[in-house]
Amino acid sequence: SSWWSHVEMGPPDPILGVTEAYKRDTNSKKMNLGVGAYRDDNGKPYVLNCVRKAEAMIAAKKMDKEYLPIGGLADFTRASAELALGENSEAFKSGRYVTVQGISGTGSLRIGANFLQRFFKASRDVYLPKPSWGNHTPIFRDAGMQLQAYRYYDPKTCSLDFSGAMDDISKIPEKSIILLHACAHNPTGVDPRQEQWKELAALVKKRNLLVYFDMAYQGFASGDINRDAWAVRYFIEQGINIVLSQSFAKNMGLYGERAGAFTVICSDADEAKRVESQLKILIRPMYSNPPVNGARIASMILNTPDLRKEWLSEVKGMADRIISMRTQLVSNLKKEGSSKNWQHITDQIGMFCFTGLKPEQVERLIKEFSVYMTKDGRISVAGVTSGNVGYLAHAIHQVTK
Amino acid sequence: AYRTDEGQPWVLPVVKKVEQMIASDNSLNHEYLPILGLPEFRANASRIALGDDSPAIKEKRARSVQCLGGTGALRIGAEFLRRWYNGNNNTATPVYVSSPTWENHNSVFMDAGFKDIRTYHYWDAAKRGLNLQGLLNDMEQAPEFSIFILHACAHNPTGTDPTPEQWKQIAAVMKRRNLFPFFDSAYQGFASGSLDKDAWAVRYFVSEGFELFCAQSFSKNFGLYNERVGNLTVVGKDADGVQRVLSQMEKIVRTTWSNPPSQGARIVATTLSSPELFDEWKGNVKTMADRVLLMRSELRSRLEALGTPGTWNHITEQIGMFSFTGLNPKQVEYLVKEKHIYLMASGRINMCGLTTKNLDYVAKSIHEAVTKIQ
């Protein structure tokens with residue numbers, strides 16, 4: 001007999017299922033709009049030039065492979081903090097923060113979740129926007145936290161339900177944890193405007209909530225790293241000591257290298273040191289110390305002026321291509337003769353777009369046109385090219401007219 | 001970490017070669033690996049542990065998950081066992097670690113949720129060897145279904161491994177008492193210089209029909225410390241069971257790091273799947289193992305030549321990177337403070353710190369410590 005007779009088969013990953021079906025499809029016009037990775041205008045993965053250059057520079061240095069410190073590569077963590085907070089940030093300059101290297105966004109979120117479970121005794125409740133990235137819920141749950149939600153997306157307008165969000169947040173019990181997407185909300189692409197962020201900041205301050213920012217798309221959303229970090233920086237300036245998870249998967253195209261960071265803004269440098277010591281105690285029994293490759297590449301880019309400049313223009317290039325695909329999709333839909341309001345496609349920002357398509361319409365797109373997306377109508381704009389945007393518009397029009 | 005005779009870190013020549021191959025391959029990109037890792041890495045890594053002709057591999061009941069180093073493999077295994085072993089979410093299942101053991105073993109299983117972590121007798125300080133009887137007694141007394149963390153070879157920190165005959169006795173008791181073997185294999189190849197020899201215990205347990213986990217690290221034997229290359233090999237009774245286990249491990253991985261880092265796995269996979277590179281790697285591993293073995297024999301012979309009180313055969317009988325010298329805390333303090341020789345309070349030394357240049361000094365210093373301080 002086996003120890004594993006009672007182990008259930010885990011449920012298939014919903015997004016993977018989309019890609020599997022796409023792969024099996026023989027239609028030459030097929031499109032995979034489930035992919036959560038950037039593609040160039042030929043639909044191919046894109047390795048940034050600054051990444052290739054950084055890799056060559058790193059190879060030339062012939063460095064050894066000794067373990068990184070538990071908290072990661074110091075040049076990387078410092079540069080990550082500076083990127084998020086801004087070089088003029090008081091919190092950054094005073095050193096009242098700690099940043100540890102994490103395994104991309106997921107690993108950084110998980111370190112933070114575990115840290116809160118162990119040290120934030122005031123509450124077990126983490127409030128997520130409705131909807132949020134699918135993996136947020138199991139990450140916090142596995143860390144021992146409980147999940148709650150606040151209204152966020154309005155399916156009627158395909159935009160932000162701001163009054164609903166403010167209403168729900170005003171009722172969140174004091175000292176709960178609230179998670180906010182810093183920019184390019186996943187999966188909806190709907191971000192608050194700056195005036196709305198100001199109101200949110202005032203409200204969470206009033207409710208005395210612990211703010212957890214997830215920033216996976218800095219630079220990738222608007223094309224401007226400072227603009228995309230505006231909310232994070234504003235909250236800190238308002239005296240809100242946030243915790244923050246960063247990913248370099250999308251904005252540097254370092255997906256499989258797992259470069260990320262988790263930051264805690266503290267009262268002072270001494271508190272930061274104590275927090276750091278506890279973060280290390282959490283990391284050590286997880287994987288001992290983080291992988292070097294992605295962090296070295298990111299650090300080389302951020303800390304070498306020429307490479308950093310090149311990176312900023314490449315990340316803007318990726319963001320611009322996405323924005324242009326949004327624009328072209330809307331204009332193509334108009335050309336098809338669609339009378340529906342598709343403004344949300346260009347109002348939304350980042351890699352993903354909540355089209356507003358219903359499950360039956362999505363099903364038709366998949367079956368009749370070989371256009372693959374998740375059932376919630378979310379498309380990855382990264383999978384759209386100038387070569388297929390016309391076909392996509394045609395297909396969407398057919399199922400919505 | 002391994003050090004050369006010049007006291008320097010060593011990037012294996014085969015690793016340098018493969019990294020250059022990877023760097024110049026323009027078909028490669030930085031896309032996400034699957035959640036369970038690079039397939040070519042996983043298959044080759046398990047093959048290394050279990051052997052080319054492993055019945056478990058042939059019968060598709062041995063599969064694996066790429067993890068972040070040996071630590072990551074231990075953690076994913078621990079998280080799975082806490083959720084699915086001996087019932088559901090049975091945090092009360094006792095977990096036994098050797099006394100002493102790598103200190104992180106305790107934290108890994110504690111943070112995975114296990115509430116009852118115990119030790120089993122292992123190191124006999126008086127005879128400077130394995131306390132087999134104590135170990136077997138602990139296994140006889142252990143509650144049924146307890147989990148036992150076993151060091152596959154090169155026990156950390158004592159360097160003392162059971163002999164094949166002793167492993168057979170251990171396996172017999174574990175089978176009878178329904179105890180779960182979780183192997184920690186961080187030094188395969190690095191210990192004796194032979195991959196097969198260092199995997200003997202794991203393979204013996206598989207041949208005895210055990211279901212087991214084996215957490216593999218490629219930090220030492222590939223010198224890939226900071227790339228975090230590890231593999232959790234799962235051996236079950238049947239293919240279907242192992243498939244279900246992996247599907248649940250995938251869920252655990254997804255909330256821990258989503259998918260593993262690509263660079264180190266590519267290096268190992270490329271090396272293991274090419275006959276020439278594989279041979280070159282085995283040569284590099286033997287170079288490291290041989291240097292450590294040489295340092296052991298040279299240290300022992302110097303201590304014996306000096307007439308240092310006590311017996312020193314344990315230095316060459318022990319295996320791997322570490323040696324439990326048998327020095328007491330006061331003697332250790334002497335070495336650290338007076339002779340600037342750094343070792344653990346337990347008397348554990350890292351053999352990699354020894355070089356042809358410092359052997360005489362270290363031997364003399366140990367001699368002084370042992371004669372001056374009791």
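This is a predicted model: local features need pLDDT of at least 70, side-chain atom pairs count only at pLDDT 80 or more; totals for chains, interfaces and linings use all residues.
Residues are numbered from 1 along each chain as its sequence is written, while chains are lettered from A in the order in which they are written. Local features need pLDDT of at least 70 here, side-chain atom pairs count only at pLDDT 80 or more, and totals for chains, interfaces and linings use all residues, with hydrogens and water left out of the side-chain values, which use heavy atoms.

Chain B has a cis peptide bond running from Ser99(B) to Pro100(B), where omega is near 0°. Pro100(B) sits in the loop that links strand E2 (95–99) to helix H5 (104–111) of chain B. Helices (H or I, at least four residues) and strands (E, at least two) are DSSP runs, numbered from the N terminus. Asn156(B) and Pro157(B) are also joined by a cis bond, this one with an omega of about 20°. As for Pro157(B), its place is the loop between strand E6 (147–151) and helix H7 (164–176) of chain B.

Positive phi values turn up too. Phe145(B) is not a glycine, yet its phi is positive, at about 75°. This residue lies in the loop between helix H6 (132–141) and E6 of chain B. With a relative accessible area of 25%, Phe145(B) is partly exposed; buried means under 20% relative accessible area, exposed over 50%, and partly exposed in between (1.4 Å probe, protein chains only).

Over in chain A, Ser288(A) has a positive phi of about 70°, again without being a glycine. Its loop falls between helix H11 (269–287) and helix H12 (292–303) of chain A. Ser288(A) counts as buried because its relative accessibility is 3%.
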